[in-house]
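This report walks through a single protein chain. Start with the sequence and the structure below.

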Amino acid sequence: MLFSILTLFPDAVESYLDVGVLGIARTRGLVQTRVVDLRDFSRDRHRTVDDRPFGGGPGMVLKPEPIVEAVEWLEARHGEHRRIALTPDGTTLTQGFVESLASPPASSEEHEDVKPILLLCGRYEGFDERALELLQFERLSIGDYVLAGGELGALVLIEAAARLVPGVLGDDRSAVEDSYTTANGGALDHPHFTRPRVFRGRSVPDVLLGGDHGAIDQWRLEESQKRTQRKRAQQEGSQPTNNQDA
Ligand code: ADE
C-alpha cells in the first residue's frame, strides 16, 4: 500500500509516520509513504503557495499552480495516483471506505489497476477550486468540524488503512474484531479488562474470570450489541457520553 502526501508540513507528517503501528508497517515495507513539500513547487523565492481570495473575504487560498505541478511531478515519476483532497466539505471517512482502500478487488485484472493514493493536505481557507477540478480529486473529510489543515486527516486515513494490512498488527484478529469492521456488521467492540481484578472498588465481570469460553463469547456479543445500539441512538445528538455508566 503506497501513499504520497502533499503538505506544507512535511516534518510534522514524517514524524507521526515514524512511530507506533505506522512506523512498524513502514519498516517492514507493508506500507510505503512519500511525503512531498508543496512549497517546493512555489514559483518565487519566498516560497509562496497561497494568495488572497478573489471576491474578498478573510484568509488565504492555496494557489492552483503548486498543487497541479506537484501532482504532475509526482505522477511523472511514480505513475498515476488515486487523488484525494482532505477537506471539511468532503465525504465523511468511514471504516467501509478504509476497508475498500486496504483490500482492493480480488480479481487479478482489477488488482493490476490498484493505484497508489495521493493525499492533498490543505491549509488556510482551502484550495483554489480549479486545481481540484482539473485533477478530478475526490474529497474526503474526517468529520464535521474544521481543522487548520488536512494533515491530521491524511494521517487518520493512513493509520486506519495500515492497521488492516495483513502483518501490520501483532495479531491479525485485532483488525477483524475491531469496532466498525464491516465483517462485524459495523458493530462496536465489547469492553476490555486486564489486571488488577479489582480497581478502586470496581471488579472485572465474573464471566471473564470463569474460563467458560462459550459464556465469554455470549457476554461479549451482548455487550457489543448494547454499545452499538446505544451509540446509534446517540447519533441523533452530538455530545460524547460516558458509555460505561449509560
Ligand atoms: N481540513 C480541515 N478540516 C478538515 C476535516 N474536517 N477533514 C479533513 N480535512 C480537513
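## A buried histidine and its burial

The model is predicted. Begin with Arg 163, which is partly exposed, at 26% relative accessibility. Its salt-bridge partner is Asp 178, with N and O 2.6 Å apart. Arg 163 sits in the loop between H7 and H8. Asp 178 sits in the loop between helix H8 (173-177) and strand S9 (198-199). The two residues are 15 apart, so the pair links distant parts of the chain. Asp 178 has a relative accessibility of 18%. Buried means under 20%, so Asp 178 counts as buried.

The loop between H8 and S9 also holds His 190. This residue is buried, with a relative accessible area of 13%. Which residues does His 190 touch, leaving aside those up to four places away in sequence? They are Arg 220, Glu 223, Ser 224 and Arg 227.

## Other salt bridges

The whole structure contains 14 salt bridges. One of them joins Lys 115 to Glu 80, with the closest N and O atoms 3.6 Å apart. This pair, too, links distant parts of the chain, at a separation of 35 residues. Lys 115 lies in the loop between helix H5 (108-111) and strand S6 (117-121). Glu 80 lies in the loop between helix H3 (64-78) and strand S5 (82-92). Lys 115 is partly exposed, at 37% relative accessible area. Glu 80 is also partly exposed, at 47%.

Arg 47 and Asp 40 form another bridge, with an N to O distance of 3.2 Å. Arg 47 is partly exposed, with a relative accessible area of 34%. Asp 40 is partly exposed as well, at 48%. Which residues make up the salt-bridge network that includes this pair? Asp 37, Asp 40 and Arg 47 are linked in it.

## Helix H1 and its cover

Helix H1 spans residues 10-17. Its buried residues are Pro 10, Val 13 and Leu 17.

Several elements cover the buried residues of H1. Among them are two strands, S1 (2-7) and S2 (32-37). Helices H2 (20-27) and H7 (151-162) also contribute to this cover.

## The chain as a whole

The protein chain has nine helices and ten strands. Its C-alpha atoms fill a box of roughly 70 × 45 × 30 Å along the principal axes. Buried residues account for 37% of the 246 residues. What share of the contacts between residues at least 6 apart in sequence joins residues at least 24 apart? The share is 70%.

The accessible surface comes to about 14900 Å². Carbon and sulfur atoms hold 50% of that area. On the charge side, the chain has 28 positive and 39 negative side chains. The centres of the two sets lie 5 Å apart.

Note on methods. Residues are numbered from 1 along each chain as its sequence is written. This is a predicted model: local features need pLDDT of at least 70, side-chain atom pairs count only at pLDDT 80 or more; totals for chains, interfaces and linings use all residues. Side-chain values use heavy atoms; hydrogens and water are left out. Helices (H or I, at least four residues) and strands (E, at least two) are DSSP runs, numbered from the N terminus. Buried means under 20% relative accessible area, exposed over 50%, partly exposed in between (1.4 Å probe, protein chains only). Contact means heavy atoms within 4.5 Å. Accessible areas come from the Shrake-Rupley method with a 1.4 Å probe; for residues, only the protein chains shown count as cover. Lys and Arg count as positive and Asp and Glu as negative; His and the chain ends are not counted. The place of a charge is taken as NZ of Lys, CZ of Arg, CG of Asp or CD of Glu. A salt bridge is a side-chain nitrogen of Lys or Arg within 4 Å of a carboxyl oxygen of Asp or Glu.
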